[in-house]
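Please look over the sequence and the structure before reading on.

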Amino acid sequence: MSEAIADELFGSDHAGSPVYALPDSSALARIAAQAGLDGDALTEITEVVRATLDLDDPTVAPFRWQSEATLMHRHQLLETPPSLPLLVILTLAAESMHADGDVAAHNYYSRLHRLLKVPANRRHRVEEEYRRHAYELWGSLNAWLEAWEGERGIPTAYSVGGHAFVGLPMSQAVVRQHDRSGLHEFFELEGLIPGLRLSPSDMEIAMEPYSTTTPSPFSSHLRQLWKAPGARDRIVGAACIELEAWNGSRHVAAGIDRRLPPTRLLAFLRTFPRKSIEFNLMFPYRSDGPDFARFDLMQGEVTVSTVAGPGSSTRMSSIATVNASSLTGEALTGVLGRDERRPFARRPKRVVPLRWDDLQGAYVEVESIALGEDSLVLVRANARLRVETHLGVHSRPGWRELPLLSGLPEGWLLYEHVQMISAPSKLTHFDLLPLTPRARTSLSLRGGFVLPGLLRKWSSLEPPEVVALAAGASSLTVRVHTGTRVDPAAAVVQVDQDGELAVVPLLEHRLGDGEYVVAMFVDGDNRPSSTAVLRLRSADSPQFRVEEADIRLVYSPEAGATWPLQAGAVEWERFVNGARPVQLTANCQQRREVMREFAPRERPRVTASQQRVRVGIPMADDSCLVTGMHRFILPPVMPGRPRTRTVEGECTTCGLLRRFATTAWNARRKDRDSTRSSLTVAIPPLLQSDEPDFQVAFDALNHIGHGSFATFERIAAQIEGSGLFADSFLRRQEVVGHIDVARNDWFQVAEWAVNSATLVPIGPRCWVLIGSRSRGMVNRLRELIGERGQVCESVDAELSQVEVTGVLPAHATLARIGVEVLDEPPSLSIAASLPKLSEVASKLKRIAVPAYRTAEVWDTRSASWCPADSIHPSGAYRFNTFRSLYVIRSAEDIKYGTVAIGNAQLVKHIANLWAADPLAGYHSRSGSVVVPLGADLPGLYGRTLSLCSGRAPREIEKHRMLCYPSVPRDVADAVFTRLIQ
């Protein structure tokens, strides 16, 4: 029975979505059929549950078997909880209350007794026993879903409101399936962003108008429940969970007057290779692949290529040819693709708040800034004084302007680390409305290193900061409880703060991996005013064990000529896995060419910059969107019309609506309101480090274990948001052997996997740790080394590094903590097995010459890309379409009209091979191999050099060079021999 319920209600099709233990009638029938039950489904399932409860024996506790089975389940959390059938019956009892519109807590047990046919003399005992075991029963469901990391759905069984035990089944029954579709419609109408973490008070304010009027995206059932205060808390809680898990999928309800879904501005704040910002657009439509957007202009139409974005979104594939000021300051309208049913529009604003979105890996434009959230704010320059005055009063200290930022359009300013902690109590200027939070109470988890996955979780090495705010409060208490419920006995952190604001940096409390509940208490109240679930993870609690063979990737000479560049599953006896060569031996008799001394290359020719196109309609110089001065038309005073306190005016330029007082008394009252203080507490400054923590990022990779490039990008984006950095960061992990990477024939990353931990010798009594690691492993290694040596952790060339010096304990001792030791350096063994570069070139995937917008040719002398007038000569080319495509053309390719697919690094070395001018050279003075910047040695050719030192190559931007340090001459010559053959 439990397996049937798990497959129906918590199957893989629910991955990443909130799940509930509430089956409808058809789901009940399918569960009964799969479990082999005949007759009425509800009756049969109830009888199965009743048989486990000992309801007729007064000498046995009713929930004894369920409790014992649940305790056993704690040791095997990936197995299906035995309590699932009981939880379904408990939920159906709560659903019968909601069906009647009666959600009073005392009515729950009467319905449960009736459903289970509990004898009258056992009812009191059943209620007592349920209250005794409720948290462990429902906790087993949450723990099971947590253990599956959201692959079976996101847990929702949390008690909301004042009724702790009854609140658990009621949390499952308050929102039905079709109600959740209505919530998604509401999110779209309200302009809420997928994945947004909204406080319950904010959500309630937003939902109120839709819950009391028609037409509404909410069902009549949900609107009826909204009238009951006890149910309202649960509806709001369910809506918050749905919004956080929502991926932007669209559900159009019949009869709703929909407005055009918003097209939002995206901002990527770059630090690599220098501080800059890049703007893009997020179209609210799903795309299956490359497409295009058609922008309407006064002189015609402009087409820009697009690609599918995360969730149900699309973005421009490249903004290299698009004018940034056009995106930020012009009216944008058009259609996505050829389908006229996908229109888009964006109207410019003078003040644009942008919040970090984990799903998009970028800052995303929002209608209104959220209380307590770290945001960017884009501002027209002539609104500087007004905005800075507002931030000085209502924002937490620590915000700052980013001056002289590359990529920022002229006439615009950008502020970072803006965290609003109060709102003005009077009507404010229109420019400041986006900087006015909706709610006055908030509990938010700010910052920290967010781990990718279906569940929202943070790295325990860099946990978030708790920001609690309750306007008008005299004191606040913030507690962090272990587990999934608010239990005073389980509080591990408690901070009491006088005033309206409390900030708790969790990093100071050194919390371990696990689940926590953060709760805010106002003015000594015993009931929390707001709660948030906090999940902390690290490499000490990996999603998948690295030792599992089904996720290991290897490079094998038996896989074909391109094997050093494309890892695959373990299918061969000879391979390279991380730093470990298996059944590969160095051939000492092999003839080697001497690598020549490196000589700097001539500077590339400077080419004129490409003209950027405008995609919008510019605003007039006197437009209120430029000047900030609106022109409101007020309705005329008509004889006989009754006087009202306010009238509504509409701006003739932008259509903004505002209400104006019609009497002097009303106007004076607003002035009186403006004298009230909005915050009465000393505000701690916002502390934010601009230095990325690569060790935390690498720990995150070890926690995930393996995944797609999209998963890798979500980790890399928290260091630097550009795709260029994500690619560079992946290649750095790959080149030293921390991860192996599977690529398809188009050299696109298909999968990556962290390798087993290996100590690689790099000198006398000196080793470097390559592959997986965790804090626990490093600490155990440090204990084993003891006084015989030392273990040092550092970051070199943006790569986390652990170096061991001294005397190692026995290999068998190290194996017990998951560390393997190599007796000899692996570089020569790998180098001897590498194929000739010419063989790799001959086996690349070949296709007919594709369509492209522009083409560039690799200039082998200057080691740079130059505009190509023709693709007839042999060499390396970069085609620019939806994205860059790197190819080579041999004389045979030119003859047959084909190109061979490669990647940016490989095609450069092949072109220089054909030109008899290899890019790699030796620097004898430093004992290093040097190549031009951007011409990294591809795949295992580069790993062979990096394993000599355990370090990634270092960039020397001033001289446009990339240096592989501490490479012995024989290893350099062995690799060089393969590069020139």
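This is a predicted model: local features need pLDDT of at least 70, side-chain atom pairs count only at pLDDT 80 or more; totals for chains, interfaces and linings use all residues.

Residues are numbered from 1 along each chain as its sequence is written, and side-chain values use heavy atoms, leaving out hydrogens and water.

**Cavities**

- The whole structure holds 6 cavities of 30 Å³ or more, a cavity being a set of points on a 1 Å grid over the protein atoms alone where a 1.4 Å probe fits but cannot get out.
- The largest cavity has about 250 Å³ of space, where a volume is the space filled by probe spheres set on the points, which are joined across faces, edges and corners.
- Lining this largest cavity are 20 residues, of which Pro194, Trp246, Gly248, Met282 and Pro284 are the closest to its centre; a lining residue has an atom within 4 Å of a point.
- The lining of the largest cavity consists of 10 nonpolar, 6 polar and 4 charged residues, where Ala, Val, Leu, Ile, Met, Phe, Trp, Tyr, Cys and Pro count as nonpolar, Asp, Glu, Lys and Arg as charged, and the others, Gly among them, as polar.
- The second largest cavity, with a volume of about 190 Å³, is lined by 16 residues, and the closest to its centre are Leu192, Leu196, Leu198, Ser368 and Arg438.
- In the lining of the second largest cavity there are 9 nonpolar, 2 polar and 5 charged residues.

**Helices H9 and H10**

- Helix H9 (residues 177-190) packs against helix H10 (residues 200-211) at an angle of about 100°, their axes being 11 Å apart; helices (H or I, at least four residues) and strands (E, at least two) are DSSP runs, numbered from the N terminus.
- The axes are lines fitted to C-alpha atoms, for helices over the stretch in contact, and angles run from 0 to 180 degrees between N-to-C directions.
- H9 and H10 are therefore roughly perpendicular to each other, a description used for angles of 65 to 115 degrees.
- Leu183, Phe186, Phe187, Leu189 and Glu190 of H9 meet Met203, Ala206, Met207 and Tyr210 of H10, with contact meaning heavy atoms within 4.5 Å.

**Helix H1**

- Helix H1 (residues 2-9) is largely enclosed by the rest of the structure, because 6 of its 8 residues are buried, that is, under 20% relative accessible area (1.4 Å probe, protein chains only).
- The buried residues of H1 are Ser2, Ala4, Ile5, Ala6, Glu8 and Leu9.

Key. On a 1 Å grid over the protein atoms alone, a cavity is a set of points where a 1.4 Å probe fits but cannot get out, and a pocket is an open set with protein on both sides within 12 Å along at least five of seven lines; lining residues have an atom within 4 Å of a point. Angles under 35 degrees count as roughly parallel, over 145 as roughly antiparallel, 65 to 115 as roughly perpendicular and the rest as oblique. Buried means under 20% relative accessible area, exposed over 50%, partly exposed in between (1.4 Å probe, protein chains only).
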